Amino acid sequence: MLSRLTRPAALATVSLCALAVLSACGEDTPDEETAVGFDAVEVSGPVGEVPEVDWSAMLEPGESQAEVVEEGTGAVIEEGDQVLTDLAISNDVGQDIAYETYSGQALLLKVGAEVEPTQVVDLMTQMINEEIEPGTTTVGTRIAITADAAEEFGDLALNLATLGIGNEDGFVLVADLQAVPLDGPEGKSRPAPSWAPEIVEKKGEPTALDSSGLPEPDPKATELGKAVLTEGTGPAVEKGQQIVANYLGQVYGADAPFDNSYARPDPALFEIGTGAVVKGWDQGLVGAKVGSRVLLEIPPALGYGKKGQGEDIPGNSTLYFVVDILAAA
């Protein structure tokens, strides 16, 4: 519903069927020195940042190899957990980082899920998923996989051009397992301020924001209203991070929400503090701690202004949001 709350899809989300007609992109390099697996490439650098990749040879065609580059010190990852994951890919032709998600495109990977791939990047997340050992692998772990595109994916390798991989290339895939989102807010509860709408709940989850009885907000207001209803105990959200959140948004005086992620199977993923979402979110959520439940009163100047957004958000609307911050990386 909120188009400005959704970042543009990365090229890697192009559907597989739409790319099936791509021609071969790899290059034959018979005179190049080749090596097997991690004898051809070294991965280094701190977890949480784009990895450094050093190729010493072209990758010898053959079976994929995987290794844990660094073992994390966070919580143990269990079957069915969602994991906020960053990926980086380098092929043995260009030998630079051809694709990465660290600059605001992190992914949510569900451990153990067998999902039919519909987007190109799904092929990569499947490879990483197979290397996560539920009950053993921990948050903060970096995993690397060397693979030959043709050997690993067959005809599907023609789709990999959007990730910077030719269908005859060797490549290394690096994944940092950044965080497992919380199930809900966790921390010390605080009373709501007098300006706040009532959070209507069903089975413990928000279903609406009741603003009846509140004075009508000034459409010319420029200041954000913010109340932390649950003070989380996790790290503070930083500008430029991706956050995993559940949220509900409703216009002042409206009978129903215009958007409600609590009603969907999975939480949402947003880049914060960079203009990818409405200004009220950027101002109100940067600095909030993971685990927090935040209530926002967003005036038109920090929301959708005089024009509004679609039929459910008229011009000059004051927006109320309840947001649960479940993870950030």
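How many helices and strands make up the secondary structure of the protein? There are three helices and 19 strands, where helices (H or I, at least four residues) and strands (E, at least two) are DSSP runs numbered from the N terminus. This is a predicted model, in which local features need pLDDT of at least 70, side-chain atom pairs count only at pLDDT 80 or more, and totals for chains, interfaces and linings use all residues. Residues are numbered from 1 along each chain as its sequence is written, and side-chain values use heavy atoms, with hydrogens and water left out.

**Overall picture**

- Along the principal axes, the C-alpha atoms fill a box of roughly 75 × 40 × 30 Å.
- The protein has 329 residues, and 49% of them count as buried; buried means under 20% relative accessible area, with a 1.4 Å probe and protein chains only.
- Take the contacts (heavy atoms within 4.5 Å) between residues at least 6 apart in sequence: 75% of these join residues at least 24 apart.

**How confident is the model?**

- The average pLDDT, the predictor's confidence in each residue from 0 to 100, is 91 for the protein, and 91% of the residues score at least 70.
- Residues 1-11 stay under 50 in pLDDT, and the model gives them 31 contacts beyond four places in sequence.
- Residues 19-30 are also below 50, with 25 contacts beyond near neighbours in sequence.
- Where pLDDT is low, the predicted coordinates should not be read in detail.

**A look at helix α1**

- Helix α1 spans residues 120-131 and is mostly covered, with nine of its 12 residues buried.
- Among the buried ones are V120, D122, M124 and N129.
- The buried residues of α1 pack against several elements, including β6 (82-91), β9 (142-148), α2 (149-153) and β10 (170-179).
- L123 lies in this helix and counts as buried because its relative accessibility is 4%.
- L123 and E152 sit 29 residues apart in sequence, yet their C-alpha atoms are 9.9 Å apart in space.

**The second largest pocket**

- This pocket holds about 290 Å³ of space.
- Its lining has 17 residues, and the closest to its centre are Q82, L182, D183, P265 and P267.
- A pocket here is an open set of points on a 1 Å grid over the protein atoms alone, where a 1.4 Å probe fits, with protein on both sides within 12 Å along at least five of seven lines; lining residues have an atom within 4 Å of a point.
- The volume is the space filled by probe spheres set on the points.

Notes
Buried < 20%, exposed > 50% of the residue type's maximum accessible area, 1.4 Å probe, protein only.
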